[in-house]
Structure formats: structure tokens, C-alpha cells
Amino acid sequence: MIENVMDKMGGVGVFGVISICLFFAFFVGMLLWAFRLKQPYLNSMRELPLDGEPPPKPGSEPTPNPEDRHDRG
């Protein structure tokens, strides 16, 4: 049944070629972008999760800040 439907539709083979070309272009573009990144930028992104406050301990609730409270009314 599916073969019959595909045979009746014209130009279906073009979509496969277009999708492969789009995938290849995207993949090559991402590789070029990754290789062009500067080392200082990569180092800053690598250290980013470690900047600032230490992560909360597992199972601990964050302490509420009264200044962040938004009263409705």
C-alpha cells in the first residue's frame, strides 16, 4: 500500500536528497563553528558551573529571602 502511494506521488525522491544535504550542511557548519572557537572562551565556559556560590547540598531546601516576596493584593 505504501509503495503504491509513493509511486503515485511525484518528486518524492527529491525530498530525500534535500534532507541529506540539509543534514550534511548543518553538520559541517557545526564542525566549523566548533573548530573556530577561541581557547579563552572555551576555558571560561568550562569553568562557568564552578563560579559563584557552591551548589546546595542534596535534600536541603533553599532559604527564602523576604525581599524576593511578592504580595498579591
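Reader: Does V28 count as exposed, partly exposed or buried, and which of these words applies?
Author: Residues are numbered from 1 along each chain as its sequence is written, and side-chain values use heavy atoms, leaving out hydrogens and water. Buried means under 20% relative accessible area and exposed over 50%, with partly exposed in between (1.4 Å probe, protein chains only). Because its relative accessibility is 30%, V28 counts as partly exposed.

Reader: What percentage of the residues of the protein chain count as buried?
Author: The protein chain has 73 residues. The share of them that count as buried is 0%.

Reader: In which helix does V28 lie?
Author: Helices (H or I, at least four residues) are DSSP runs, numbered from the N terminus. The protein chain has 3 helices and 0 strands (E, at least two residues). V28 belongs to helix α2.

Reader: Which two residues form an aromatic pair?
Author: Rings of Phe, Tyr and Trp (its six-membered ring) pair if their centres lie within 6.5 Å; planes under 30 degrees apart count as stacked, over 60 as edge-to-face and the rest as tilted. The whole structure holds 1 aromatic pair. With centres 6.1 Å apart and 20° between the planes, the stacked partners are F23 and F27.

Reader: How many residues apart are F23 and F27?
Author: At 55% relative accessibility F23 is exposed, while F27, at 44%, is partly exposed. Both lie in helix α2 (residues 12-36). Their spacing is about one turn of the helix, that is, 4 residues.

Reader: Which element has the highest mean pLDDT?
Author: Where pLDDT is low, the predicted coordinates should not be read in detail. The mean for the protein chain is 77. Helix α1 (residues 2-8) has the lowest mean among the elements, 70, and the highest, 90, belongs to α2.

Definitions and conventions
Predicted model: local features only at pLDDT ≥ 70, side-chain atom pairs only at ≥ 80, totals over all residues. pLDDT = per-residue confidence, 0-100.
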